Amino acid sequence: MQTAADPLAIAQDLIRCPSVTPAEGGALAYLAGLLREAGFTVHRMTFSDSGTPDVENLYARIGSASPHLMFAGHTDVVPPGDDASWKHPPFAGEITDGMLYGRGAADMKGGIACAVAATLDHLAASGGKPKGSISFLITGDEESVAINGTVKLLRWAAERGERFDHCILSEPSNVDTLGDMIKIGRRGSLNGTLIVTGKQAHVAYPHRGENPIRAMVQILSALMAEPLDAGSASFQRSNMEFTTVDVGNPTVNLIPGEARARFNIRYNDCHTQDSLKRLIEQRAAKAAGAVRHTIVWEPSNADVFVTAPGPFTDMVAAAIKTATGRQPELSTSGGTSDARFIKDYCPVVEFGLVGQTMHQVDERVPVADLTTLMAIYRDILKMYFG
Ligand SMILES: [Zn+2]
């Protein structure tokens, strides 16, 4: 018999919902049922935007007082790829040798299952009501463009007067072992294209043209030579990575008129988007000399942020230490996540399962980790509302 506060059963039920972005797959409806039964007020919102599919979301809250702790996450998953290459079907939630298999097991239906199970358990132990408020902010739009998800959900919640004190995002934050890492921030991400303009000419008459490749090489090597910073207290060095260099010239005897190079920058808290753009533009201008060039920046909603270590991160770390014996590293490594949106509303930390197999064939988590993660969340709830 499954009990409500069994993280494994909830994780299996969620995995069996085929919620590949933007499909809801029954995952949010399932969570809505569990939370409603536990006394939560549940809202289901569908958000739309031109050019993107509609996506379903969920917000549920119990209690009206502060402090208000939010659990955030996403029930959407990346596609499984070729089903035949999975040892266990991606949407079956099978258990073999102590491992739970399925798309989303690690990223992040397993984490959500543990948060829900811990909350149900905490409520049962405290007369059905928290001493403050607990909410779940769950989107179905994280793995794709992330337009109709957490951003809009947070705005919607703020407009109706929801105020959050802290958030735990159950993304798979651990590298190798449960308890090895909490993410307390993320680097920012910025994309741009460097365009160097020359002048077309016959290769036999180079004095009549200007080869943009010459200047492109100079600018590229200048931009790659000098570090963007030396890192900061919470972050590794920022990094600029060129992802493609294109001239697109199929002709052997033609000096091309233009060359392009695309790049991505993962940047730390030594910079803002504006200061970083200025820095790159100045370095490019210096290397380019009189050569005509421009940098086209793409809009980015991925600003750098860090949640300063303090009582909240200490509490999460203490719960992890109690359950696992490990002192988690407070890290800002890796790609972006929805924490970049949540940080505008309250301090946020990311702690969930081990991320090793996320987005891979045979995505899986140890069943024992589900029990341990639930215990960690339950301990956090106890301390938070204690
Ligand atoms: Zn995720």
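Cys 114 is buried, with a relative accessible area of 0%. This is a predicted model, and a search through the whole of it turns up zero disulfides. Cys 114 is accordingly in no disulfide, and the nearest cysteine sulfur, which belongs to Cys 167, is 16 Å away. For a pair of cysteine sulfur atoms to count as a disulfide, they have to be within 2.5 Å. Cys 270 has another kind of setting: at 41% relative accessibility, Cys 270 counts as partly exposed.

Next comes Arg 103, which sits in the loop between β5 (99-101) and α3 (109-125).

Turning to the aromatics, the structure holds nine aromatic pairs. One of them joins Phe 242 and Phe 263: the ring centres are 5.6 Å apart and the planes are at 65°, so this pair is edge-to-face. Phe 242 belongs to strand β12 (residues 239-246) and Phe 263 to strand β14 (residues 258-267), so the pair ties together parts that are 21 residues apart in sequence. Phe 242 counts as buried at 17% relative accessibility, and Phe 263 is buried too, with a relative accessible area of 2%.

Phe 263 also pairs with Trp 297: here the ring centres lie 5.5 Å apart with the planes at 85°, so this pair is edge-to-face as well. Trp 297 lies in strand β15 (residues 293-297) and Phe 263 in strand β14, so this pair ties together parts that are 34 residues apart in sequence. Both Phe 263 and Trp 297 are buried.

Phe 40, Phe 71, Phe 136 and Tyr 377 form one aromatic cluster. As for Tyr 205, the charged end of Arg 208 sits over its ring, 4.3 Å from the ring centre.

Conventions
Residues are numbered from 1 along each chain as its sequence is written. This is a predicted model: local features need pLDDT of at least 70, side-chain atom pairs count only at pLDDT 80 or more; totals for chains, interfaces and linings use all residues. Side-chain values use heavy atoms; hydrogens and water are left out. Helices (H or I, at least four residues) and strands (E, at least two) are DSSP runs, numbered from the N terminus. Rings of Phe, Tyr and Trp (its six-membered ring) pair if their centres lie within 6.5 Å; planes under 30 degrees apart count as stacked, over 60 as edge-to-face and the rest as tilted. Buried means under 20% relative accessible area, exposed over 50%, partly exposed in between (1.4 Å probe, protein chains only). A charge sits over a ring if NZ of Lys or CZ of Arg is within 6 Å of the ring centre and within 35 degrees of the ring normal.
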